[in-house]
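Biologist: Before I rely on any label, I would like to hear what stands behind it.

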Amino acid sequence: MSDLVTGRTGDWEVVIGLEVHAQVSSNAKLFSGASASFGSAPNENVSLVDAAMPGMLPVINRECVYQAIRTGLGLKAQINLTSVFDRKNYFYADLPQGYQISQFKDPIVGEGSLRIVMADGSTRDIGIERLHLEQDAGKSMHDQHPTKSYIDLNRTGVALMEIVSRPDMRSAAEAAAYVRKLRSILRYLGTCDGNMEEGSLRADVNVSVRRPNGPLGTRTETKNLNSLRFIQAAIDYEVARQIEIIEDGGAIDQETRLFDTGTGTTRTMRSKEDAHDYRYFPDPDLLPMIVTQDEVDALASALPELPDDIRDRLMGEYGLSAYDASVITEERDTARYYEAASDGRDRKLVANWMTVELFGALNKSGKSLENCPISPEKLGELVGLISDGTISGRIAKDVFADMFETGKGAAAIVDEKGLKQVSDSGAIETLIDQVLAANQDKVEDYRGGKDKLFGFFVGQVMKESGGQANPSMVNQILRSKLDGA
Amino acid sequence: MSDLLGLNAVAAREALDKKAISAVELTTAYLGAAEATAGLNNYVALTADHALAMAAESDKRIAAGAAGLLEGLPIGVKDLFCTKGISSTACSNILKGFVPPYESTVTANLWAAGGVMLGKLNCDEFAMGSGNENSAFGPAVNPWQGKDKVDLVPGGSSGGSASAVAARSALLATGTDTGGSIRQPAAFCGVVGLKPTYGRCSRWGIVAFASSLDQAGPFTRTVADNALIMTAMASHDAKDSTSTQTPLQDLIGAVGDGVKGMKIGVPKEYGMDGMDSEVVTLWEQGQAWLRDAGAELIDVSLPHTKYALPAYYIIAPAEASSNLARYDGVRYGMRVDAETLDGMYEATRAAGFGEEVQRRIMIGTYVLSAGYYDAYYLKAQKVRRLIKGDFDEAFQTVDALLTPATPSAAFPVGRKIDDPVTNFLNDVFTVPANLAGLPGIAVPGGVTSDGLPLGLQVLGRPFDEASLYRVAGVLEQAAGFKMTPARMAGGAA
């Protein structure tokens, strides 16, 4: 598979690295006791520390540190037992301290990796450079007053994990797969809710282009993308823009760009020359952060099974396709649903019913697995009825639709509507005889060599049975009557 | 009791407990003293009603037999401490009118021990200075005068605190010491000043100057008074990540323990060229006093001492430049409006910060900026580790160090204000202890031929304030320092 982009002057390779800001799931902020919840009235969740009152001091929220370590473990990354909080200094109205407390030289988490799965089932390992903890800034509101700006400090000091990838991605699709997978891991771990609409997960996208195997090109960074669609659109736009500039004989400026969600284009935010000098230095209000190997081990042993492990198990033990296994394991709830539904059933058949029928119905009705009318046990029951020959796959679709509508059990619906499959060979034989008698001419044609007509006879018999005849028995008896006579 | 102001803190506690005096009487006397010496400009806010109400509560607790360690003792508070409901400005225009809705941990500890708050004391703006001349409220003045009767600085940055204790307009006072801001003014004003070990007192609620160096401590008339208030000030505070959990020693008991068998180091690098000969004489006298009291005096070397001042004047401004970024006109304090956000920052900070503060913000911003960080800040931090190493090495063989507190006695107001570098030299003996996080105490040792006080400094191991009080107690007794300043409340002048 080639991800090369063809320009006027030849092929280009796209190089993408992502910096994802993931809000840590925690009750309180990173360095103050204030609530970190979303949706409160402006400035409701602001402590004296958040407002940077004189003499106030930060105190680390240990739970946020543990969340970062859990995430690091989920990314199979190096956990640094000693890390340092630094100050990143800049002035802005919604940054009360005049600096953000972040980690610059010594982050809590070092190198790791993350496996992405593409639509064709192929996988790629994307390198993780680091993960560090930092404070979020507040929010400036410029549309509340004709001449004034308003400041909401609710987000100020909320803990973020900045997760930096290696420039290992080669297409917008890979970048999207990376974010989707990262979000999946964060949600499995419970370290970030992954809610992109609420801003819990945002990505800065670094993009450059180069000739295949050539030296790296100059990159641009597009900031603050909060949906998978925007991430892909921003990359596509940047790739096209950069190739056009270079092919026209120009050069790419190393700069920070903003994505316009309305037009799907990017524009310059600030150039390299205007880049801030953040004057990083270790925050003297905080001691170096020490965690013990025992703490890390305890967190590791309490970690839930992660999507890659479950996926391997579903493919290895249950024989699921790479695609089905990936779809089922993307969300923890889906995987749990699947495990419950397929327990004691035909694992592959349940996977098929989940990914096709169930997801289709949920999609269509706008429902989620959380409020799905069919419990995993009931879906398992339906598949069980197919497996033991009680109903055919076709009838099962009707039963499924009924279940989705009413929430009733599969067996109950089959009983109630008399949908039980006919597996009585005498009854099926009678039906077949009737069909053959009514279509003597076609029987002649079939026996004369038009063996494709076999399907026609099957269809007629099934129709006469109201779909309830056991299809494999119909096949078997019909064949013996047509061929064996 | 006629001479209320003549009682030191320990004596006042006894008199209060015996009901020979009341806390209201004592507080009234100190409020009167503060008014009588208002010309010294050492108070920036006198909170008389608040003080009398607190004193009345103290009298009730004394009557109920529930007196705290500092019950009924009038205390002045450096304006760097945030005090709930009372203007707290760090003597800066940028915080003019700022009234915090919270109380610093250190002052809260004092009030919990029964202390009575008299008011807020003058200091250098954001504690940046060595003469208390950089205050938005104008300079505080030293109650001591030389033969020519010229106004002298009380030292800085805690100049108001030292001046008030020396002038007897506060029985006790709090200060903060980032590079000598307690010990140097204590020496200039002839009082006792302790900078505890970094982490001993909580920094929570104290306006930050340089976070890795700042430490609160007390000013008192005697060493015993100092141990008394220090016992109440110190605490572990979960709100300050750099606050220690090391238990506090018995400081009050240590004062009279003497120095018999102690090994006292005399660092040769503290004998600097051009140092006042009277300072050298006092230093030698101090060594003799300790030797006479049974201590063993040992020459030691602190080879990196000469790099302390340059390192300090990189690290302290670097931290300050970041700590003071929050004074931006957005949420509290002064705001000067402008067309743009950046314009508002510039106008507010230009109008709100004084010259010395602006100078240090600029130095700090410079030394942290890309391309200079390694050459300045990082190198200064390396020097800091070497200085700490010097002390660690010395404390392998000695229990404490004896040095002069300052290279000279107090200088006239206005004399050196145009020469910041000369001003910086005042901190030459005090800065190393801040860089190393060590405790240090300044004790009055004698007077110059001009009649101005000179102090001796004792430095100790981390969290060994008890040894400082032992040594300081012996020095105090040997010096028999009984002189009082010219402009003292209830005094002759």
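This is a predicted model: local features need pLDDT of at least 70, side-chain atom pairs count only at pLDDT 80 or more; totals for chains, interfaces and linings use all residues.

Modeller: Residues are numbered from 1 along each chain as its sequence is written, and chains are lettered from A and ligands numbered from 1 in the order in which they are written.

Biologist: What makes E5 and E10 of chain B paired strands?

Modeller: Strands are DSSP runs of E with at least two residues, numbered from the N terminus, as helices are (H or I, at least four residues). Two strands pair if DSSP finds at least two bridges between them; strand E5 (residues 192–195) and strand E10 (residues 440–447) of chain B are joined by three bridges and run antiparallel, so they count as paired. Within this pair, Gly193(B) stands opposite Ala442(B) in E10(B).

Biologist: Why are E1 and E8 of chain B called edge strands?

Modeller: The open sheet has eleven strands in the order E1-E3-E2-E4-E6-E5-E10-E11-E9-E7-E8 (chain B), with mixed pairing. Strand E1 (43–46) and strand E8 (296–300) of chain B each have a single partner strand, so one side of each lacks a neighbour in the sheet.

Biologist: Which residues count as being in the contact between chains A and B?

Modeller: Two residues are in contact if their C-beta atoms, placed from the backbone, lie within 7 Å; the contact takes 33 residues from chain B and 25 residues from chain A. On the chain B side, H10(B) gives the most, with three residues.
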